[in-house]
Amino acid sequence: MSADINLEFLEKTKKTIFSYEGKIPDGLSHYYKDILEGNNIEMYMQSYSLSEEEVKRYARVCKIKEIYNEITELMDILKTEVDSLDKDEVEEYTSLIEELQTSGESYIDELSEEEIEEELIENSDDINLTIYSNFIDESYDRTVNARSGKEVQSMKFITGLLQTLNKAEYLELRKKGLLHQIHNTEDRKRYFIDGNSIERISNGSTKVNFIRIPVSEKNKEELKKSINQDLNTLYLVVSYGDFKNEGLDETKFYNDHCLLIKKHFDELVCILDIFKKDFTNETFPIAMEFISNGYLTTRKMTSYLNKKTEENKTL
């Protein structure tokens, strides 16, 4: 197994662990092995006032964290002690890493399936669906690391705008003047990706930039079977941010986002193609991964807000 695959898995694992930071009771984290074996579930439910689903889910997260720590320790040994290890030892450590990754991927897959089911229940009144660009973490990092004192407020506005996109008819938002097309900062012409305009929804200085993805009728039917939702509009959120939070003027903010779009132009075209062309055996799993990651990305933002809210309560 290549190092690249291990690093990709580790990044995915870190995101999973982060999304549950501050949610798992300290005591429960000591008994996750007992829970995973199916022992004393009702006792833990009563002790921590959790549902059975929450107890089992948190136990899986604890196991994922254990696997992450074990893999990083083994990789560190391979990196720092490679000169003192013989070939058999290197193969043994590499094999252990592969086994741990396989186990970790299984736990993460189970966790993702549960989260998606939960999100579908929570968002049953959504008429639209949101997915994100592969580089959306750049927007997250700029927002939460701004050090302006407005990070939490900006994230609240961003998640609020995302909820509006998911719950409201697109044309109604247009009629209310809440949506605007982004213009090229050089010649003021409207910005298009493969014939689809880049638009934004705003709350003051907070902006969410998105594309309405064309979805073929056949794909809408396939998605309805998979996510049990009549899809009205599919939004691809390209980037987001708050220029006051980031210490920028509005022109500089849009210049930066237009440059980001240009940098990832071909990547965005590929995402559009996945949904507007009828799914194949190769593209359908990719589409479902974008949808799954969409739920996890939104959850990452709400987890950040929940964490900051709890921190503020203790001040």
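**Charges, rings, strands and cores**

The charged end of Lys23 sits over the ring of Tyr20, at 5.5 Å from the ring centre. The model described here is a predicted one. A second contact of this kind involves Arg212 and Tyr170. Here the charged end of Arg212 sits over the ring of Tyr170, 3.7 Å from its centre.

Rings also pair with rings. Eight aromatic pairs were found in a search of the whole structure. One of them joins Phe253 and Tyr254. The pair is edge-to-face, with 80° between the planes and 5.6 Å from centre to centre. Phe253 has a relative accessibility of 0%, so Phe253 counts as buried. Tyr254 also counts as buried, because its relative accessibility is 12% and the limit for buried is under 20%. Phe253 and Tyr254 belong, with Phe243, to one aromatic cluster.

Another edge-to-face pair is formed by Phe279 and Phe284. Their ring centres lie 5.4 Å apart, and the angle between the planes is 65°. Phe279 is buried, at 11% relative accessibility. Phe284 has a relative accessible area of 24%, so Phe284 is partly exposed.

Attention now turns to the strands. Strand E4 covers residues 196-203. Of its eight residues, six are buried, so E4 is largely enclosed by the rest of the structure. E4 pairs with strand E2, with strand E3 and with strand E5.

Strand E2 spans residues 179-181. E2 and E4 run antiparallel and share three bridges. Leu179 has Ile201 of E4 as its bridge partner. Ile201 also stands opposite Val208 in E5.

Strand E3 consists of residues 192-193. Two bridges link E3 to E4, again in the antiparallel sense. Phe192 is bridged to Ser197 in E4. E3 and E4 form a hairpin, with two residues between the strands. Asp194 lies in this turn and has a positive phi of about 50°.

E4 and E5 are antiparallel too, and six bridges join them. These strands also form a hairpin, with two residues between them. Gly204, in the turn, has a positive phi of about 65°.

The buried nonpolar residues come next. In soluble globular proteins, nonpolar side chains tend to be buried together. In this model, the largest nonpolar core has 30 residues. Those with the most contacts inside this core are Ile131, Ile193, Ile198, Ile213, Leu234 and Phe275. H11 gives the most, with six residues.

Which residues does Ile193 touch, leaving aside those up to four places away in sequence? The list is Ile198, Ile211, Ile261, Phe265, Leu268, Val269 and Leu272. Ile193 itself lies in strand E3.

Terms used. Residues are numbered from 1 along each chain as its sequence is written. This is a predicted model: local features need pLDDT of at least 70, side-chain atom pairs count only at pLDDT 80 or more; totals for chains, interfaces and linings use all residues. Side-chain values use heavy atoms; hydrogens and water are left out. A nonpolar core is a set of buried Ala, Val, Leu, Ile, Met, Phe, Trp, Tyr and Cys residues joined through side-chain atoms within 4.5 Å. Buried means under 20% relative accessible area, exposed over 50%, partly exposed in between (1.4 Å probe, protein chains only). Helices (H or I, at least four residues) and strands (E, at least two) are DSSP runs, numbered from the N terminus. Contact means heavy atoms within 4.5 Å. Two strands pair if DSSP finds at least two bridges between them. Rings of Phe, Tyr and Trp (its six-membered ring) pair if their centres lie within 6.5 Å; planes under 30 degrees apart count as stacked, over 60 as edge-to-face and the rest as tilted. A charge sits over a ring if NZ of Lys or CZ of Arg is within 6 Å of the ring centre and within 35 degrees of the ring normal.
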